[in-house]
Amino acid sequence: MEKLRIVFMGTPEFAVGILDTIIKNKYTVVGVITAADKPAGRGQKLKYSAVKEYALANNLYLLQPTNLKDESFLEELKSLNANLQIVVAFRMLPKVVWEMPDLGTFNLHASLLPNYRGAAPINWAIINGEIKTGVTTFFIDDKIDTGAMILSSEIKIDPTENAGQLHDRLMHLGSETVIGTLALIEKGNVTTTIQKDASEIKSAFKLNKENCKIDWTKSALEINNLIRGLSPYPAAWCIFSDKDEEWNVKIYDAKTLLEGHDLATGTMICTKKEMKIAVENGFVHVLSLQFPGKKKMTTPEFLNGISFSNQAKVY
């Protein structure tokens with residue numbers, strides 16, 4: 001059995017959950033690599049990544065390279081004498097980095113590969129109405145999320161859960177899968193499966209303002225899936241229009257009602273406690289939302305301070 005000396009690479013909270021499990025399972029982490037500090041917020045103060053916060057709190061050796069091909073960084077990485085590297089939600093590595101350790105570099109990806117390669121696998125699984133997803137570990141190669149697979153683990157997607165809730169469940173599942181992968185590598189029992197490309201493979205495109213906007217001409221289910229898949233971050237959005245005014249509004253939670261009606265798509269119907277939007281096959285009930293300059297509110301809280309006319313609509 002080979003003693004593992006691990007370098008861990010990651011940035012967001014999802015990666016912290018995996019790193020914490022590795023540490024708690026008594027594996028030796030000789031270094032942590034994370035993103036450089038970035039200015040954030042109105043004051044543009046430097047913000048640490050979640051992984052950096054964890055590394056500092058646990059006295060782990062930390063590197064924050066801006067250029068992964070920089071000679072001084074490569075020398076420092078080599079000096080850690082790691083024989084394995086683990087990547088979770090970091091960035092694409094140059095070959096000189098992923099080839100460095102004797103036992104290779106493996107990545108944990110939050111999907112059942114080869115489906116949902118890319119930046120936002122958790123979000124797109126919900127947006128596309130999948131009933132299951134999972135995590136996969138694989139050895140990194142020179143493309144994105146295409147390497148030889150080691151282990152995968154599957155879970156069902158609850159039809160009411162949002163991306164944040166699925167994120168947390170996948171973080172726990174990912175932690176277990178990484179520990180299972182480490183046990184195989186430690187014992188020299190790894191067998192891999194080559195990913196097979198096919199035309200029907202689904203992608204996890206990077207989220208942007210355009211693909212986060214609600215298209216009210218779609219079905220109630222498709223709209224609700226988009227809202228769930230983007231909640232709590234970055235959030236689905238649309239434009240509220242009433243009395244010659246318009247607002248960009250984020251919607252965090254909704255439910256659907258399938259029934260016939262003769263209203264125009266996008267018509268908004270409000271009572272003092274309820275807001276529903278007419279779509280082709282029914283209504284989307286908005287349960288929580290955020291108006292510009294306001295905090296996130298439940299619909300009854302929001303409607304307590306604002307009212308809309310009968311001409312109000314969304315698009």
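Me: Why is the contact between lysine 24 and aspartate 20 called a salt bridge?
Reply: The closest N and O atoms of lysine 24 and aspartate 20 are 2.9 Å apart, and the term requires a side-chain nitrogen of Lys or Arg within 4 Å of a carboxyl oxygen of Asp or Glu, so the pair qualifies. This is a predicted model, in which local features need pLDDT of at least 70 and side-chain atom pairs count only at pLDDT 80 or more, whereas totals for chains, interfaces and linings use all residues. Residues are numbered from 1 along each chain as its sequence is written, and side-chain values use heavy atoms, with hydrogens and water left out.

Me: Where do lysine 24 and aspartate 20 lie?
Reply: Both belong to helix H1 (residues 13-24), four residues apart, which is about one turn of the helix; helices (H or I, at least four residues) and strands (E, at least two) are DSSP runs, numbered from the N terminus.

Me: What makes lysine 24 count as exposed?
Reply: Its relative accessible area is 60%, and with a 1.4 Å probe and protein chains only, over 50% is exposed, under 20% is buried and anything in between is partly exposed, so lysine 24 falls in the exposed class.

Me: Which residue forms a salt bridge with aspartate 37?
Reply: The partner is lysine 52, with the closest N and O atoms 2.9 Å apart. This pair links distant parts of the chain, since aspartate 37 is in the loop between strand E2 (28-33) and strand E3 (38-40), while lysine 52 is in helix H2 (residues 50-57), 15 residues away. Aspartate 37, at 24%, is partly exposed, whereas lysine 52, at 8%, is buried. By the same rule the count comes to eight salt bridges.

Me: What makes lysine 52 a charge lying over the face of tyrosine 48?
Reply: Lysine 52 lies 3.7 Å from the ring centre of tyrosine 48, and the rule asks for NZ of Lys or CZ of Arg within 6 Å of the ring centre and within 35 degrees of the ring normal. The charged end of lysine 213 likewise sits over the ring of tryptophan 237, at 5.4 Å from its centre.

Me: How many aromatic pairs are there?
Reply: The count is seven, where rings of Phe, Tyr and Trp (its six-membered ring) pair if their centres lie within 6.5 Å, with planes under 30 degrees apart taken as stacked, over 60 as edge-to-face and the rest as tilted.

Me: Why is the pair of tryptophan 124 and phenylalanine 205 called edge-to-face?
Reply: The ring centres are 6.0 Å apart and the planes stand at 85°, so the pair is edge-to-face. Tryptophan 124 is in helix H5 (residues 121-127) and phenylalanine 205 in the loop between strand E11 (203-204) and helix H7 (220-229), 81 residues apart. Tryptophan 124 is buried at 11%, but phenylalanine 205 is exposed at 53%.

Me: Why is the pair of tryptophan 247 and phenylalanine 291 called tilted?
Reply: Their centres are 5.2 Å apart and their planes at 40°, so the pair is tilted.

Me: What makes strand E12 (residues 236-242) largely enclosed by the rest of the structure?
Reply: Seven of its seven residues are buried, so the strand is largely enclosed. Both faces are covered, with Ala236, Cys238, Phe240 and Asp242 buried on one side and Trp237, Ile239 and Ser241 on the other.

Me: How many bridges join E12 to E13?
Reply: There are seven, and the two strands run antiparallel; two strands pair if DSSP finds at least two bridges between them, so E12 and E13 pair. Lysine 250 in E13 is the bridge partner of tryptophan 237. E12 also pairs with strand E18 (residues 313-314) in the antiparallel sense, over two bridges, and there phenylalanine 240 has valine 314 as its bridge partner.

Me: What makes up the largest nonpolar core?
Reply: It has 38 residues, and those with the most contacts inside it are Phe8, Ile22, Ile86, Leu170 and Leu182; such a core is a set of buried Ala, Val, Leu, Ile, Met, Phe, Trp, Tyr and Cys residues joined through side-chain atoms within 4.5 Å. Helix H6 (residues 163-187) supplies the largest share, nine residues. A second, separate core of 36 residues includes Leu230, Ala236, Val284 and Phe302.
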